[in-house]
Amino acid sequence: MSQAKMIDGVAVAKQLREEVSRRAAALAAKGTTPGLAVVLVGDDAASAVYVRNKVKACEQHGLFSTLDRMPATVTEAELLERILQLNADPKIHGILVQLPLPAHIDSHKVIEAIAAEKDVDGFHVANAGALMTGRPQFRPCTPYGVLKMLEAYDIPISGKHAVVIGRSNIVGKPMALLLLEAGATVTVCHSKTADLSRHTRSADIVVAAVGKRNILTGEMVKPGATVVDVGMNKNDAGKLCGDVEFASVSEVAGHVTPVPGGVGPMTITMLLVNTLESAERSAR
Ligand code: GUN
């Protein structure tokens, strides 16, 4: 018997997107249409889908977007040159280089080439450092979206124990910092953690972001806890699934996010928010 309340990412995203549309239209009426430049290198199928959805979301909410598709053979110098052009383009308020990049390109160097005030992913060291020191400019989209979902469902964070499973620069590390900023006591677990369930069993909030199916099962969860699933995996039948064993966890948890329909719709929404806010700042 399932007891957990479902956290509906589609509904939370819809509400935030309506506000984006309103603010984008207001800014456009004053002469600034928010602009996002997306750069995709190579032909990874999943990346192509993500990028298409990002461009489509811009169209739907009154943002202007450009898409640069570069072959997997592009040189690092050519990619850096393109970023410098976008940095100098006043119509562009956000620049996103879809990751991962081909192995011959140093992704750190590419991210550092993006003007920090246009780094809507929040991956630039200046933005990572700003988040770390409590003065965030752009919060990375996926963890920012998770925070907004928790807020939308009035799930308390301050004083609670949060466990983040995963330590990536894109999700795990910024997620831990955002939860810390919100007053949680944060534990970061990862592939080398000796006894994962020892940590997760005492957590009020668990965020699973490892990219591995069934990393979290019902017996690893404290009754009533909130479980957020950031995973995007395929099961044996080729269907999209998360990191959480949904059936067993939803019997124990108080709140749980489904996959699909949970965190996924929030990531692109927060990209729209970051791009809009960048445009608002530039118009001031
Ligand atoms: N690859 C997977 N997630 C992301 C993301 O949020 N931003 C970028 N640029 N690449 C990604």
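**Reading a site and a ligand shell**

A: Serine 168 counts as partly exposed because it has 16 C-beta neighbours inside 10 Å, where buried means 20 or more other C-beta atoms within 10 Å, exposed means 12 or fewer, and partly exposed lies in between, with C-beta atoms placed from the backbone. This is a predicted model, in which local features need pLDDT of at least 70 and side-chain atom pairs count only at pLDDT 80 or more, while totals for chains, interfaces and linings use all residues. Residues are numbered from 1 along each chain as its sequence is written.

Q: Which residues does serine 168 touch, not counting residues up to four places away in sequence?

A: Two residues are in contact if their C-beta atoms, placed from the backbone, lie within 7 Å; by that rule serine 168 touches Lys173 and Ala209. Arginine 167 is in contact with Gly172, Lys173, Val188 and His190, its neighbours within four places in sequence left aside.

Q: Which residues surround the ligand?

A: A residue is near a molecule if its C-beta atom, placed from the backbone, lies within 6 Å of it, and here the ligand is surrounded by Leu96, Val97, Gln98, Leu99, Asp121, Cys141, Thr142 and Ile170. The elements giving two or more residues to this shell are β4 (94–97) and α6 (141–152), helices (H or I, at least four residues) and strands (E, at least two) being DSSP runs numbered from the N terminus.
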